[in-house]
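This report looks at overall dimensions, aromatic contacts and a few side-chain details. Please keep the structure open while reading.

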Amino acid sequence: MEKIKVLVVDDEKNILTLLKDTLEKDNFSVFLAQNLDFAKNILETENIDCVVLDVEIGKDNGINFCRDLRKNEKMKNISIIIITAKFIDSKYVVKGLEFGADDYIVKPFKIEILIARINAILRRKKNFTKNLLNKTDIKLGHFEIKYSEFKIYLDGRDLNLTKKEFDILSFLIEREGIVIERGILMSQIWGEGFYITDKTLGKHIEHIRNKLNIFSICLETVQGIGYKFVSKI
C-alpha cells in the first residue's frame, strides 16, 4: 500500500525532527522544509497528499503561501493544515481558512491529534472524490459540472475554481432553487467540528461570484438564512 506523503513546513528544526520521527512511525512518508522556497521545490517534484504549514515561518507568510497553493492548478487540491501559536490572533486562523486551509491546530499540540486530523481530512477527501466519480455530469442552463475533472464550466469556460469553491458551487447547483442554510452548507463542505465562521463562508462565496462575473446574480443571498442557486437570468 502506497504511503501517504506529508510535507511539514516549519522553521523550527526540533519540531520538524519530532514530527518526522513520529509521523514515520505511523507509516507516513514525510518531507521537511524550513522555508517556503524549499517547500515549493518539494511540491513541484513530489505528489504530496497533505501540507502541515506553520503560519509564521521566518519572515515569510504561511497564509499567503496557502492562498498561492489554492491558485495553482496542479496543487489546489492538496490538503492543508495550518499551525498557529497560542498568541497568534484568531484573525490569522480565519484568514487561513478563507484562503483554503482545510483545518488548523494550535501549538503546543499532541502529535496523535495532528495524525487524527490528517487522517480525517484525507478520509473525507477520498470519500468525497469517490462520491463525485459516481455522479453524472450536470448541464444546467449556462453551467456544466464535470465531476471527473472537478471543474465547473460557464458557457464552456473553465471557472478555475479551488477545491472548496468547487464543493460549494456544485453543492448549490445540484440543489437549484432551494435555499441552503449557512450552517448546513458549512457542515456539508467542511465537516462537523471544524472552526468555520460565516465570514469564512462569505469570503468563499465572494470569490465564486467574482469568477462568475455577470452571472454572479445566479448565486443569491437569502438574508439571515443562507444561499440559493438560480440558473435562469
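A residue counts as buried under 20% relative accessible area, as exposed over 50%, and as partly exposed in between (1.4 Å probe, protein chains only). By that rule, 46% of the 233 residues of the protein are buried. This is a predicted model, where local features need pLDDT of at least 70, side-chain atom pairs count only at pLDDT 80 or more, and totals for chains, interfaces and linings use all residues. Residues are numbered from 1 along each chain as its sequence is written, and side-chain values use heavy atoms, leaving out hydrogens and water.

**Overall build**

The protein has eight helices and 14 strands. These are DSSP runs numbered from the N terminus: helices (H or I) have at least four residues, strands (E) at least two. The C-alpha trace spans about 55 × 40 × 30 Å along its principal axes. The radius of gyration is 18 Å; a compact globule of 233 residues would have one near 17 Å, so the value agrees. That radius is taken over C-alpha atoms, and the globule rule is 2.2 Å times the number of residues to the power 0.38.

Contact means heavy atoms within 4.5 Å. Among contacts between residues at least 6 apart in sequence, 58% join residues at least 24 apart. The protein exposes about 12000 Å², with 49% supplied by carbon and sulfur atoms. Accessible areas come from the Shrake-Rupley method with a 1.4 Å probe; for residues, only the protein chains shown count as cover.

**Aromatic rings**

Rings of Phe, Tyr and Trp (its six-membered ring) pair if their centres lie within 6.5 Å; planes under 30 degrees apart are stacked, over 60 edge-to-face, the rest tilted. The structure holds three aromatic pairs. Two of them are tabulated here.

| Pair | Centre to centre | Angle between planes | Type |
|---|---|---|---|
| Phe143 and Phe215 | 6.2 Å | 90 degrees | edge-to-face |
| Phe150 and Phe166 | 6.2 Å | 65 degrees | edge-to-face |

What does the pair of Phe143 and Phe215 tie together? Phe143 lies in strand E9 (residues 143-146), and Phe215 in the loop between helix H8 (198-212) and strand E13 (219-222), so the link joins parts 72 residues apart in sequence. Phe143 is buried at 1% relative accessible area. Phe215 is buried too, at 10%. Phe143, Phe215 and Phe229 form one aromatic cluster.

Phe150 is partly exposed, at 25%. Phe166 is buried, at 2%.

Charges also meet rings. A charge sits over a ring if NZ of Lys or CZ of Arg is within 6 Å of the ring centre and within 35 degrees of the ring normal. Arg175 lies over the face of Phe171, 3.6 Å from the ring centre. Arg182 has its charged end over the ring of Tyr227, 5.3 Å from the centre.

Ser170 is found in helix H6. Is Ser170 buried or exposed? Ser170 is buried, with a relative accessible area of 2%. A polar atom of its side chain lies 3.2 Å from the backbone oxygen of Asp167. Neighbours within four places in sequence aside, Ser170 contacts Ile145 and Ile152.

Thr45 is found in helix H2 (residues 36-45). Thr45 is exposed, at 64%. The side chain of Thr45 reaches the backbone oxygen of Asn41 at 3.1 Å.

How values were computed:
Polar contact = N/O pair within 3.5 Å; in protein donor to acceptor, adjacent residues only side chain to side chain.
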